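Subject: Structure handover

Hello,

Here is the structure for you to look over. My notes follow below it.

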Amino acid sequence: MSNSYETILVERRGGVTLVTINRPEKRNALNIQTRAEGAAVLDELRADDSVRVVVLTGAGDKAFIADADIAEFAEHTAIQQREVMLDRSLFNAIDGFPKPIIAMVNGYCLGGGCEVALACDLRVAGDKASFGQPEINLGIIPGGGGTQRLTRLVGEGKAMEMILSGEIIDAQTAFLIGLVNHVVAADQLETKTMEIANRIAEKSPIALRLAKEAVKLASRSNLDEGLRREVDLFALCFSSEDKDEGVKAFLEKRKPQFKGR
Ligand code: COA
């Protein structure tokens, strides 16, 4: 792993890698550099077989990611901003990441930050975290997938309210509407998230990858197409040594040792 990133920290913890957006003085706001470095880090991690699960978080206890960098908005013309948004490399890198990626949300999770969390597979929040798509307050709308992913996750009514009102909701409310998977006391956030991440990291990386692909089809294809592709992906698992090991370990009443082959 190269260490040439200025805005991102990468820490290996066995099969789980912790990726931290590190601009706490700017509430980890996503500027062009952070987006590009985030995408580059994920490119490196995707190619590394020892990385089974990624946990994505923001440095400090104030923010996961406060938002897109609003200072850059002020400088950009429409054409420049369109280029930034069309080159959604960070959102694409997260969405297309072939391994499980968990957002560990510790504080403000707003606008582009909420969109980053939405692109992840699971969201675990500390009880001081807050969520929102406040773009409307600046006379703009979400542009990093918020209108689509939030709506798919929590339904049109709740998504519409958050996006039209720009209101910020607390972690408990986010849990109630299904925006986050778990809410825990802020001082337990890391423990709980690592517990979930480590449990997932023990599974077969091949099965995880295929399961993720299959689940994502649910919102991107019609039911018949999704069911057909699910069977193909299910059958593909049968070509792996991990499937042989999983079945054998079950029959021998022992824990499987998955190798990702
Ligand atoms: N873009 C650029 N800089 C940001 C930022 C963002 N999205 N969010 C925070 N910062 C910067 C502030 O400018 C400030 O920098 P400074 O110390 O150089 O003045 C620093 O981070 C701390 O921010 P501050 O507002 O003092 O922190 P806070 O903890 O009191 O409040 C927020 C945090 C996130 C509630 C507040 O910064 C905020 O409302 N941000 C904008 C959210 C928003 O409306 N987003 C919609 C845009 S699409």
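This is a predicted model: local features need pLDDT of at least 70, side-chain atom pairs count only at pLDDT 80 or more; totals for chains, interfaces and linings use all residues.

Domains. The protein chain splits into domain 1, residues 8-201, and domain 2, residues 205-251. Their centres, taken over C-alpha atoms, lie 26 Å apart. Domain 1 puts 12 residues into the contact, and domain 2 puts in 7 residues.

The interface. About 770 Å² is buried between domain 1 and domain 2. Carbon and sulfur atoms account for 47% of that area.

Salt bridges. Between domain 1 and domain 2 the count is 3 salt bridges. Elsewhere in my notes I have a pair to look up by number: lysine 212 forms a salt bridge with aspartate 121. The closest N and O atoms of lysine 212 and aspartate 121 are 2.8 Å apart.

Helix pair. Helix α10 spans residues 205-217, and helix α11 spans residues 223-237. They pack at an angle of about 175°, with axes 10 Å apart. An angle over 145 degrees counts as roughly antiparallel, so α10 and α11 are roughly antiparallel to each other.

On the α10 side, the contact uses Leu210, Glu213, Ala214 and Leu217. On the α11 side, it uses Arg229, Leu233, Leu236 and Cys237. The residues of this contact divide into 6 nonpolar, no polar and 2 charged.

Best wishes

Key. Residues are numbered from 1 along each chain as its sequence is written. Side-chain values use heavy atoms; hydrogens and water are left out. Axes are lines fitted to C-alpha atoms, for helices over the stretch in contact, and angles run from 0 to 180 degrees between N-to-C directions. Helices (H or I, at least four residues) and strands (E, at least two) are DSSP runs, numbered from the N terminus. Angles under 35 degrees count as roughly parallel, over 145 as roughly antiparallel, 65 to 115 as roughly perpendicular and the rest as oblique. Contact means heavy atoms within 4.5 Å. Ala, Val, Leu, Ile, Met, Phe, Trp, Tyr, Cys and Pro count as nonpolar, Asp, Glu, Lys and Arg as charged, and the others, Gly among them, as polar. Domain bounds come from an automatic or database domain assignment. Buried area is the accessible area (1.4 Å probe) that two parts lose on being put together, summed over both. A salt bridge is a side-chain nitrogen of Lys or Arg within 4 Å of a carboxyl oxygen of Asp or Glu.
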